Structure formats: C-alpha cells, structure tokens
Amino acid sequence: ITQVSIIPVTDSEGRLEIDPTAPYLRLPDTRKHLIEDTCICLAGNIAQQVEFGIDGMDEGAQSDLVRATSNVWKWVAHFGLDEEFGPVSIPTIAEVSGAPTGWLHDRAQERVQQLLKECAGRTKQLLQENWHYVQLVAAALVDRSKLSAEELLELLLERGLADWPGVCHVRSLPIMRSVRFADESGVQITPEGRVPYEAGDAIVYGALAP
C-alpha cells in the first residue's frame, strides 16, 4: 500500500493505491495467495454490510468483485488448481468438443460461487474481529482525506497492532554488494540452483566489507 484516499477523482470517491511491483497485483499463484487476495477484494462491500446492513451496500467495489471472480474462475477452470474440482481446463474442453458450455462448465461455475462465498464468510469474520481498526482508519480519513503508507502503519501500531501475536520489530541494515552487468545471456550457479539471466541483467554477488 502506498496511499489510502477518500478524495473524489472522476468516478471514484476513494481508492487504495498499491505499489505496482507489489505481489498483490500478480495473479495468485498459490491457494493461500488466492484466498487472501479474494478476501481483500471482497472486504469493501462486506465492510458496508457490517456497518450499514445488507441494504446499505452499493456498487462502489464492483471492480474488486470483478477481480475476485476472475481470479477464482481462472484458478478453478483454467489452471485446474482447485483440489475439489480437479485438474481440468474448461477452455480446452470447450475448444476440443466445440461446445462452449456443458455440465462440467456448470460445475466449475458452482465451485467458483462456493469459493467466493467461503471467502466472503472469512472476510466478514475478520472484519468483525478487527472492526475497531476499520473505524480508526475511517475516522482518520474523514479528518485528513488521505493517509500515506507510513501514516497508516503508524496509526495501526499506536492502537495495538504491535501487540498482535507474531508481530515483531525489525529494521533494515545496509549491505554493500558487488554487482556486474551481463554482456550476454547465461546461467548463474547459486546456492538455490541455476538461475538464467539475459544480456544487460544485473548479477549481484555476496556482501562486501563496508
């Protein structure tokens, strides 16, 4: 997160800005990542439901719902990564059979709906358990209109986030390293295995004495 804002811009009355290099913006590549990503996408509408009831929900989080539905559908129907539905590629079946729909397609849709409902329930529980943090951030946004990532973190730490189980204080240490740029493509042998690189890539070696 780089910024949270409620300053109106075009058709948006608020937004969460994310570092474009953040892993969150990549297509989920593990089940854990998928569930977390889906819960994040559903949080806006469900927060409205928690605060105002079912009649207080609006279309403000439509783009998030589109992202959640698209990601879960790809997980289930395209990549075959859902353990319950099984390793099946629905687009491939449609292409080979010449039939764009069928009973397996319908089952995939049912599984997507089931996963979305499960994530919605988990999201609602998480929001209710931590509702005081939601209200805290909302109040700060009403007061300041926007919060940087640093301001948001400081706000949460001041109100008890630092005491959560598993949270620890860390600090970054500068480390000098040796770097060379590759003249041509090749493979670098590392402790983790063989890593291919292209011409122009930076190859970083072990730490140097400061």
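Okay, histidine 105: this one sits in helix α4, where helices are DSSP runs of H or I, at least four residues, strands are runs of E, at least two, and both are numbered from the N terminus. At 17% relative accessibility, histidine 105 counts as buried, with buried meaning under 20% relative accessible area, exposed over 50% and partly exposed in between, using a 1.4 Å probe and protein chains only. Leaving aside neighbours within four places in sequence, histidine 105 is in contact with Trp73, Ile90 and Pro100; contact here means heavy atoms within 4.5 Å.

Quick housekeeping. This is a predicted model, so to speak of a local feature we need pLDDT of at least 70, and side-chain atom pairs count only at pLDDT 80 or more, while totals for chains, interfaces and linings use all residues. Residues are numbered from 1 along each chain as its sequence is written, and side-chain values use heavy atoms, with hydrogens and water left out.

Still in this region, look at alanine 108. Not counting residues up to four places away in sequence, alanine 108 touches Trp73, Val76, Ala77, Phe85 and Ile90. What is the largest nonpolar core built around? It has 23 residues, and Val72, Val76, Phe85, Ile90, Ala108 and Val112 touch the most other members. By nonpolar core I mean a set of buried Ala, Val, Leu, Ile, Met, Phe, Trp, Tyr and Cys residues joined through side-chain atoms within 4.5 Å. Helices α1, α2 and α4 each supply at least two residues of this core. Apart from it lies another core, of 10 residues, including Val137, Ala140, Leu147 and Leu156.

On to α2, residues 62–78. Its 17 residues should span 24 Å at 1.5 Å a residue, and the end C-alpha atoms are 23 Å apart, which agrees; the expected span is 1.5 Å times one less than the number of residues. Ala68, Asn71, Val72, Trp73, Trp75, Val76 and Ala77 are buried in α2, and the buried residues of this helix pack against α1 (31–52), α3 (90–97) and α4 (103–129). After α2 comes glycine 80, with a positive phi near 60 degrees.

Now, how do α1 and α4 meet? Their axes come within 7 Å and cross at roughly 65 degrees. The axes are lines fitted to C-alpha atoms, for helices over the stretch in contact, with angles running from 0 to 180 degrees between N-to-C directions. On the α1 side, the residues involved include Ile35, Leu42 and Ile46, and on the α4 side they include Leu116, Cys119 and Leu127. The residues of this contact divide into 12 nonpolar, four polar and three charged, counting Ala, Val, Leu, Ile, Met, Phe, Trp, Tyr, Cys and Pro as nonpolar, Asp, Glu, Lys and Arg as charged, and the others, Gly among them, as polar.

Beyond residues up to four places away in sequence, arginine 31 touches Trp75, Asp82, Glu83 and Leu115.

Two last stops. Serine 145 lies in the loop between α5 (131–144) and β3 (146–148), and has a positive phi of about 75 degrees although it is not a glycine. Then glycine 186, in strand β5 (residues 186–190): its C-alpha is separated by 52 Å from that of leucine 136, 50 residues apart along the chain.
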